[in-house]
Amino acid sequence: MVQQVLYRALVSTKWLAESLRSGKLGPSLRVLDASWYSPGTREARKEYRERHVPGASFFDIEECRDTASPYEMMLPSEEHFGDYVGRLGISNDTHVVVYDGDNLGSFYAPRVWWMFRVFGHRTVSVLNGGFRNWLKEGHPVTSEPSHPEPAIFKATLDRSLLKTYEQVLENLESRRFQLVDSRSQGRYSGTEPEPDAVGLDSGHIRGSVNMPFMDFLTADGFEKSPEELRAMFQGKKVDLSKPLIATCRKGVTACHVALAAYLCGKPDVAVYDGSWSEWFRRAPPETRVSQGKGGKA
């Protein structure tokens, strides 16, 4: 791997609390609550209105996506993303800190971290430990809505961090990229159903390796150390010196793989945006592997 200086992918709750206390929040520092929960469980926007990190804006991933796509959570256009984050007061010079309120400590925040990076923004970080630990440590919260001054954000898609169905299909033959699936072992193997899914069986892309994203986090909700993460990749025979694609169901938890690799000094992991949601519906049956339903998903 070529050694390069990488922008910090994680900031601590202590660092953010001190930044808020010293009045640094503004055009140069913006905070986003990127929480999303399965329908019928928790209501992310309602919880944001009740309490959030002071000055944080709500990043609605349902609004900032390609709503015309038949697949789940596909990236919006450059213009759509730029307009959306610009309305949240974010310019190309802003340091963006993203968190979510998931009980795991982090769930959707890495997706938004990756979205900023794939649209050409380098200065973005995930709040290590998430809102769960922000609350646990007693840092301030508010129900005050945020009204940041709109800014101009010019989004430029970095195609090296994004893979399409056609590229992943071609890779089955060329094997230029390693492929890591971040879903749970049961969903990967096809022995557990995909949650809240209609017409989507579980299983995985032929040749992919399973690294459940929850394993990248400690029981307390923090990202594991780079040493621990490297050992996890090595344990799965994933070579961080070689090209790597991350996949999941809808391109969300795959971003945890990209974040973990980034923390190991590998910033170039690409995410297959359509992931299993697209692959199951488009790919030839022999490329879909499952231990359920006779061996094919």
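Helices (H or I, at least four residues) and strands (E, at least two) are taken here as DSSP runs, numbered from the N terminus. Axes are lines fitted to C-alpha atoms, for helices over the stretch in contact, and angles run from 0 to 180 degrees between N-to-C directions. The model is a predicted one, so local features need pLDDT of at least 70 and side-chain atom pairs count only at pLDDT 80 or more, while totals for chains, interfaces and linings use all residues. Residues are numbered from 1 along each chain as its sequence is written, and side-chain values use heavy atoms, with hydrogens and water left out.

Start with a pair of helices. The axes of α8 (residues 226-235) and α9 (residues 254-263) come within 9 Å and cross at roughly 115 degrees. On the α8 side, P226, L229 and F233 make contact (heavy atoms within 4.5 Å) with V257, A260, A261 and L263 of α9. That contact comprises 7 nonpolar residues, with no polar and no charged ones. The classes work like this: Ala, Val, Leu, Ile, Met, Phe, Trp, Tyr, Cys and Pro are nonpolar, Asp, Glu, Lys and Arg are charged, and the others, Gly among them, are polar.

On a 1 Å grid over the protein atoms alone, a cavity is a set of points where a 1.4 Å probe fits but cannot get out, and a pocket is an open set with protein on both sides within 12 Å along at least five of seven lines; lining residues have an atom within 4 Å of a point. Grid points are joined across faces, edges and corners, and a volume is the space filled by probe spheres set on the points.

The largest pocket holds about 750 Å³. Its lining runs to 33 residues, with W36, Y37, S38, Y108 and K250 nearest the centre. Of that lining, 16 residues are nonpolar, 3 polar and 14 charged.

The second largest pocket has about 260 Å³ of space. Among its lining residues are N171, F177, R206 and K237, and both α6 (165-174) and β7 (178-181) supply at least two residues each.

The largest cavity has a volume of about 40 Å³, and its lining includes L10, S106, F222, E223 and L259. By class, that lining has 6 nonpolar, 4 polar and 1 charged residues.
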